[in-house]
Amino acid sequence: MSNPIALPSTFNDFLGNSTAIEHLRTAIAAGRLPHSLILAGPTGAGKYTLALMLAMAVECERQPRDLWSNGVSLASFCGVCHNCTRIASAANLEDEVDKAVAIREELRETDKKDTRILIQPHPDVLIVPPDPPQLLIKLGQIRTVIQRSHYLPGEAPKKLFILTAASFMKEAANSLLKVLEEPPDTVHLIILAENPGELLPTIRSRCATVRLGALPVEEIEQLLADRRQDVPPQQRTLIARLSQGAAGKAIGFDLAAYTAARADALLFLRNAAAANTGNAEPDHTALFKMTETYRAGAEGQQKTTALLRSLSLLLEDLLLLGAGTPELLRNTDLRPELDRLSQTLSFHWIEQASRALDQVQSGLRRNLLRSLSLDAFAAQLTTTAR
Ligand SMILES: [Zn+2]
């Protein structure tokens, strides 16, 4: 926790995606930033960081510009004015959410229910994260956005709302649609989406979408060499591959935690492979002993999420091997075992397992998962063998 995160001090220090960022900066300088914007990209691609930097560029008291020789003007931020510093203070999203949750926990039971998690680093900038434990953006949060969007900005040029995820409760999504239909002139809304497909088509069609792509493995390795000198070189290569082109994810990557989650995920695959060959009895005991360690509650949810993520990467690697593109493998350190597994587990099985995994993951987002359904998932993987 309380890991001080500093935003890049200029747009040029933001890694990757320079063309997309130039477009956004040009739009801000020209006063043409779309009122509703989706920033799409994988976890760690820098969606939240970029959203804060854009907010600073919109709200900065000094409104600095970078002028290009061809006459193009790009918006920038000073980073030191009272608007910039307040917005930058929300750089560590996880910490801000933790703080807001802790404050809510201290409320009386009756007030707790009506208190939504919101982060307000500046009177005109409101950050809306998915509300725990369900991790969905809720109606109460969107109602606050709607209410505040009717007020004129007080201390900065615009009112800015940053929704940090694309997972909404149904009523919240419908309600959001109303703001998007006729956004007030002074309002900008930025939705950060790992998967924009999660959003209602009617929401997507009312927003401009900017995609942040992943960085090449070599670039991430270089970045790790610069910023994570504590990580040995051979681990850097592995982390660069596992972070899937996301700079932020690579820098914060906890290899030990990932490896632990992956060891559990491998149990699922070994079990299914054993059932598939029929040579060995699948070892249900080991599997159920493992799933038993996954409990309900916030900690269990985190652990389960890590397990499912690593399982999903393993399945993707098996598909890459099956497709004859081993050079794209992420879990490079497991090559021999992955080779063995890919000989036993058919393409059809991997496809079905991926689909089952998607279902469990969406159930988890809706907080339906108990350790029981992890067992059911394990059983399903074994019986759908062949
Ligand atoms: Zn400033």
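Which protein donors surround the zinc ion? In this predicted model, the donors are the SG atoms of Cys 60, Cys 78, Cys 81 and Cys 84, lying 2.3 Å from the metal. Along the chain, these donors follow the spacing C-x17-C-x2-C-x2-C. The angles subtended by the four donor atoms around the zinc ion run from 102 to 119 degrees, and the arrangement is therefore tetrahedral. The assignment requires all angles to lie between 85 and 135 degrees. For four tetrahedral donors, the ideal angle at a metal is 109.5 degrees.

The packing of two helices was examined next. A pair of packed helices is described by the angle between their axes and the distance between the axes. Helix α6 spans residues 139–149 and helix α7 spans residues 170–181. Their axes come within 8 Å and cross at roughly 15 degrees. Because angles under 35 degrees count as roughly parallel, α6 and α7 are assigned to that class. The crossing of α6 past α7 is left-handed. On the α6 side, the residues that meet α7 are Leu 139, Ile 142, Ile 146 and Ser 149. Their counterparts in α7 are Glu 171, Ala 172, Ser 175, Leu 176 and Val 179.

Ile 162 is located in strand β6, which covers residues 159–163. With a relative accessible area of 0%, Ile 162 is buried. When its neighbours within four places in sequence are left aside, Ile 162 is in contact with Ala 51, Leu 52 and Ala 55, with Leu 126, Ile 127 and Val 128, and with Ile 190 and Leu 192. The C-alpha atom of Ile 162 is separated by 36 Å from that of Leu 320, a residue 158 places away along the chain.

Glu 219 belongs to helix α9, made up of residues 217–227. The relative accessibility of Glu 219 is 41%, so this residue counts as partly exposed. Between the C-alpha atoms of Glu 219 and Ala 88 the separation is 26 Å, and the two residues are 131 residues apart along the chain.

How values were computed
Residues are numbered from 1 along each chain as its sequence is written. This is a predicted model: local features need pLDDT of at least 70, side-chain atom pairs count only at pLDDT 80 or more; totals for chains, interfaces and linings use all residues. Side-chain values use heavy atoms; hydrogens and water are left out. Donors are N, O and S atoms within 2.8 Å of the metal (3.2 Å for Na, K and Ca); water is not among the atoms, so sites may look incomplete. Four donors count as tetrahedral if all angles lie between 85 and 135 degrees; four count as square planar and six as octahedral if opposite donors are over 155 degrees apart and all others between 65 and 115; anything else is irregular. Axes are lines fitted to C-alpha atoms, for helices over the stretch in contact, and angles run from 0 to 180 degrees between N-to-C directions. Helices (H or I, at least four residues) and strands (E, at least two) are DSSP runs, numbered from the N terminus. Angles under 35 degrees count as roughly parallel, over 145 as roughly antiparallel, 65 to 115 as roughly perpendicular and the rest as oblique. A crossing is left-handed if the near helix is turned anticlockwise from the far one by less than a right angle, and right-handed if clockwise. Contact means heavy atoms within 4.5 Å. Buried means under 20% relative accessible area, exposed over 50%, partly exposed in between (1.4 Å probe, protein chains only).
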